[in-house]
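Colleague: I would like to learn how to read a structure like this one. Could you walk me through it, feature by feature?

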Amino acid sequence: MSNKLVFKHNHDVLIGIDPGTNTGFAVKEKGVLVRVETMTIIEAIMAVHSYEAKCLSLGWSMLLRIEDARLRTFFGKTGSEKWKGAGSIIRDCSIWEDEMNRRSIPFQMVHPKNVRATDAKQFEQLCGWSKRTSIHAREAAWMII
């Protein structure tokens, strides 16, 4: 595992977000990975709000780490549909940043080069997570592992 993937923290709840049509969503509570899934952006924002309420009620700290496609400088030689998709992900990153600022939720925007892509088998071997995952969910998890 690359040193770039090691993330030191002192938060009770860490949430990783991989923005997109299929938003990757991962959660660690007290150092234990408890959620690795894919959902819509609306479902993910609502889930963050639920964790915010939980943390406030328990006196826990929370941090979001969000992959920021706006920091990506190269999308390759792709068709217009890929560029449209990249544009919507860039818009989603802005939505996440605006929402976290509006609610004063601590967050970090993470450069895509620091997000690790693995297949399900590799992910299970490295993390012990055996439930079904998408690439988006796994990428969200890598931001908080």
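Modeller: Gladly; we will go from the overall fold to single residues. Please keep in mind that this is a predicted model.

Colleague: Let us begin with the whole chain. How many helices and strands are there, and in what order do the elements run?

Modeller: The protein chain has 4 helices and 5 strands. Starting at the N terminus, the order is β-β-β-α-β-α-β-α-α. Of the 145 residues, 43% count as buried.

Colleague: Can we look at a helix next? Which residues of α1 are buried, and which are exposed?

Modeller: Helix α1 covers residues 41–58, which is 18 residues, and spans 26 Å from first to last C-alpha, close to the 26 Å expected at 1.5 Å a residue. Its buried residues are I41, A44, I45, A47, V48, Y51, E52 and C55. They lie on the same side of α1, because they cover an arc of only 160° around the axis. On the other side, I42, M46 and S57 are exposed.

Colleague: And what comes just after α1?

Modeller: There you find G59, with a positive phi of about 75°. Helix α3 is also followed by a glycine, G128, whose phi is positive, near 80°.

Colleague: Which residues other than glycine have a positive phi here?

Modeller: The general idea is that most residues other than glycine have a negative phi. K30 has a phi near 50° and sits in the loop between β2 and β3. Its relative accessible area is 49%, so K30 counts as partly exposed. S104 has a positive phi of about 55° and belongs to the loop between α2 and β5. With a relative accessible area of 63%, S104 is exposed.

Colleague: How should I read helix α4: how many of its residues are buried, and what do they pack against?

Modeller: Count the covered residues, then look for their partners. Helix α4 (residues 135–142) is mostly covered, with 6 of its 8 residues buried. These are A137, R138, E139, A140, A141 and W142. The partners of the buried residues are the strands β1, β2, β3 and β4, together with helix α3.

Colleague: Which side chain does T118 reach with a polar contact?

Modeller: T118 lies in the loop between β5 and α3. T118 counts as buried because its relative accessibility is 5%, under the 20% cut-off. The side chain of T118 makes a polar contact with the side chain of W142, at 3.1 Å. Setting aside residues up to four places away in sequence, T118 touches F123, I135, R138 and W142. While you are in this region, look at D119 at the start of α3: one of its side-chain oxygens comes to within 3.1 Å of the backbone nitrogen of K121.

Colleague: Now for a strand. Is V27 buried or exposed, and what is V27 in contact with?

Modeller: V27 lies in strand β2. With a relative accessible area of 0%, V27 is buried. Beyond its neighbours within four places in sequence, its contacts are V13, L14, I15, V32, L33, V34, R35, Y51 and I144. Take Y51 as an example of sequence against space: V27 and Y51 are 24 residues apart in sequence, and their C-alpha atoms are 9.5 Å apart.

Colleague: One last case. Where does K28 lie, and what does its side chain reach?

Modeller: K28 is in strand β2 (residues 23–29). K28 is buried and has no salt bridge; D12, the nearest side chain of opposite charge, is 12 Å away. The side chain of K28 does reach the backbone oxygen of I144, at 3.3 Å. Not counting residues up to four places away in sequence, K28 touches H9, D12, V13, L14, L33, V34, I144 and I145.

Notes. Residues numbered from 1 in each chain as written. Predicted model: local features only at pLDDT ≥ 70, side-chain atom pairs only at ≥ 80, totals over all residues. Heavy atoms only, no water. Helix = DSSP H or I, 4+ residues; strand = E, 2+ residues; numbered from the N terminus. Buried < 20%, exposed > 50% of the residue type's maximum accessible area, 1.4 Å probe, protein only. Lys, Arg positive; Asp, Glu negative; His and termini not counted. Salt bridge = Lys/Arg side-chain N within 4 Å of Asp/Glu carboxyl O. Polar contact = N/O pair within 3.5 Å; in protein donor to acceptor, adjacent residues only side chain to side chain. Contact = heavy atoms within 4.5 Å. Expected span 1.5 Å × (residues − 1). Arc of directions from axis to C-beta.
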